[in-house]
Amino acid sequence: MKLISAIIKPFKLDDVREALGDIGVSGITVTEVKGFGRQKGHTELYRGAEYVVDFLPKIKVEIAVDDGLVDKVIEAITNAARTGKIGDGKIFVYNLEQVVRIRTGETGIDAL
Amino acid sequence: MMLPNSPTTWPGRIALTGLLTLAPTLVLAQEAATPTLNSGDTAWMLTSTALVLFMTIPGLALFYAGLVRAKNVLSILMQCFAITALVTILWTIYGYSLAFGNGGALNAWIGGLDNLFLKGVGIGSIYGTQTIPETVFMTFQMTFAIITPALMVGAFAERMKFSALMWFMTLWLTLVYVPVAHWVWGGGWLGTLGVLDFAGGTVVHINAGIAGLVAALVIGKRKGFPTTAMPPHNLGYTVIGASMLWVGWFGFNAGSELAADGVAGMAMAVTQIATATAALSWMFAEWWAHGKPSVLGIASGAVAGLVAITPASGTAGPMGAIGIGVAAGVLCFLASTKVKRMFHYDDALDVFGVHAVGGIVGAMLTGVFASAALGGKGLVGDISILDQVIKQGIGVGTTLVYTAVVSLIILKIVDWTIGLRVTEEQETEGLDLALHDERGYIL
């Protein structure tokens with residue numbers, strides 16, 4: 001099992017959720033996050049006072065999937081979240097040791 | 001029209017000028033021509049009074065509240081609201097009497113004590129040769145006394161103790177606002193001299209602006225200024241507040257005629273024209289200097305224009321209003337964006353940059369655009385523009401020096417006794433929680 005964590009542009013969330021639904025992903029976790037990469041931040045100016053905003057708002061989407069689905073998930077997110085402009089985000093893939101469904105006590109793939 | 005001894009054309013504001021020597025004559029004159037109420041004038045002044053109160057709460061309160069950080073939004077609203085209530089009481093007990101009462105032998109400098117606790121200000125009383133009830137005049141002037149200290153709040157925003165604010169404002173109203181208002185409007189020496197200040201460029205704006213700067217310097221910079229980002233937390237409030245100020249200002253300027261007449265009409269027109277001009281000129285100045293026009297810029301420009309047209313609103317014509325608007329927009333933009341950065345003083349919300357600078361620009365140009373040759377009402381006694389500008393300069397200079405010195409003394413006294421400033425920990429936490437146990441936003 002893998003945990004896929006994708007950082008995307010906030011306005012792409014609906015597209016990504018739809019694309020993941022289409023390939024059979026049954027659940028995702030979404031968090032509002034801030035950060036910077038190559039896009040860097042932006043500047044704001046108030047009555048001559050210039051502020052550099054280093055951290056931009058992004059959305060982190062986390063999906064736990066069976067190994068067989070990993071490539072399809074990556075492909076779906078990549079296609080849905082891409083604008084071609086700097087700042088589209090990144091996808092991280094981790095090994096996932098255990099999953100437990102709290103209601104039933106099921107574990108492993110059954111709990112996904 | 002602006003002759004110090006023709007009170008009928010300019011009721012109240014300079015009705016008592018020359019009282020020192022002419023007191024017996026004036027009393028006789030008033031007995032001879034019994035002043036009568038005019039219901040049209042009264043209706044307009046009731047309206048104007050409400051409009052000027054609306055400028056402070058919620059207009060100015062929102063304008064400033066949007067400019068501070070979210071953790072201090074309530075502290076600003078609280079300060080404006082508390083000043084409104086505090087000044088109302090002080091004005092009732094002694095402020096009105098000392099500003100507009102008869103000071104007898106000392107009348108050039110300060111009013112008298114005859115109207116303490118509003119004694120003599122009853123249902124039937126009329127001030128001087130006005131055509132409105134004295135109760136309305138007293139309340140109208142009260143709203144000016146309220147907004148002037150409230151304007152200062154922006155200079156020392158986000159760091160003054162609330163108790164210190166209450167003491168500072170009490171002493172400042174008593175020792176600065178009341179005498180200066182008396183000098184210009186209550187029959188004191190600046191009005192007698194012939195200084196033109198129709199609606200309060202000197203009394204209100206220069207006064208608040210310079211006192212704000214002194215307060216900002218005495219209390220010191222906010223922790224982190226200017227390296228830490230302190231962007232406005234809600235410019236929507238600021239735009240709403242600026243818009244309310246704009247509307248309320250018609251009461252301030254057109255109301256200062258104290259009558260519903262032609263001068264009031266022209267005051268309304270030039271107020272609108274100068275404000276729009278300054279909003280655009282600040283916007284274009286910023287567009288040119290930084291590449292983009294900003295919402296805060298256009299709103300600040302409007303306020304700068306309102307400030308600058310204030311002293312001129314009874315004497316300037318429409319083209320004068322455009323001239324004043326252009327000057328105010330550009331000069332206040334430079335003062336608030338460049339000069340402040342250059343000298344690193346933390347006048348947090350640009351009270352000096354907008355009100356003192358706008359007030360000075362307006363006061364000086366009032367002397368220029370009052371000239372009939374430039375579309376104004378004409379200068380008193382056919383003096384030259386230069387002579388009038390010199391008089392204006394005396395008014396500005398006196399106010400700057402007197403207010404700066406007395407404000408400095410008051411601030412030092414408050415600082416030595418109870419302390420002006422919150423602790424560093426409270427400042428970091430934010431004044432809303434630290435001083436009021438409340439938060440502006442529970443989301």
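Q: Leaving aside neighbours within four places in sequence, with which residues is A:R101 in contact?
A: In this predicted model, A:R101 lies in the segment after β6 (89-95) of chain A. Once its neighbours within four places in sequence are left aside, the contacts of A:R101 are A:E106 and A:A111.

Q: How far apart in space are A:R101 and A:A111, C-alpha to C-alpha?
A: A:R101 and A:A111 are 10 residues apart in sequence. In space, their C-alpha to C-alpha distance is 5.1 Å.

Q: Which element of chain A gives the largest share of the side that touches chain B?
A: The contact involves 6 residues of chain A and 12 residues of chain B. By class, the chain A side has 3 nonpolar, 1 polar and 2 charged residues. The largest share of that side, 3 residues, comes from residues 42-46, strand β3 of chain A.

Q: What span should helix α13 of chain B have at 1.5 Å a residue?
A: Helix α13 of chain B holds 33 residues (385-417). The expected span is 1.5 Å times one less than the number of residues.

Q: What covers the buried residues of α13(B)?
A: The buried residues of α13(B) include B:Q388, B:G395, B:T399 and B:V414. Their cover includes, from chain B, α5 (162-185), α6 (189-193), α7 (201-219) and α12 (351-369).

Notes
Residues are numbered from 1 along each chain as its sequence is written. Chains are lettered from A and ligands numbered from 1 in the order in which they are written. This is a predicted model: local features need pLDDT of at least 70, side-chain atom pairs count only at pLDDT 80 or more; totals for chains, interfaces and linings use all residues. Two residues are in contact if their C-beta atoms, placed from the backbone, lie within 7 Å. Helices (H or I, at least four residues) and strands (E, at least two) are DSSP runs, numbered from the N terminus. Ala, Val, Leu, Ile, Met, Phe, Trp, Tyr, Cys and Pro count as nonpolar, Asp, Glu, Lys and Arg as charged, and the others, Gly among them, as polar. A residue is buried if 20 or more other C-beta atoms lie within 10 Å of its own, exposed if 12 or fewer, and partly exposed in between; C-beta atoms are placed from the backbone.
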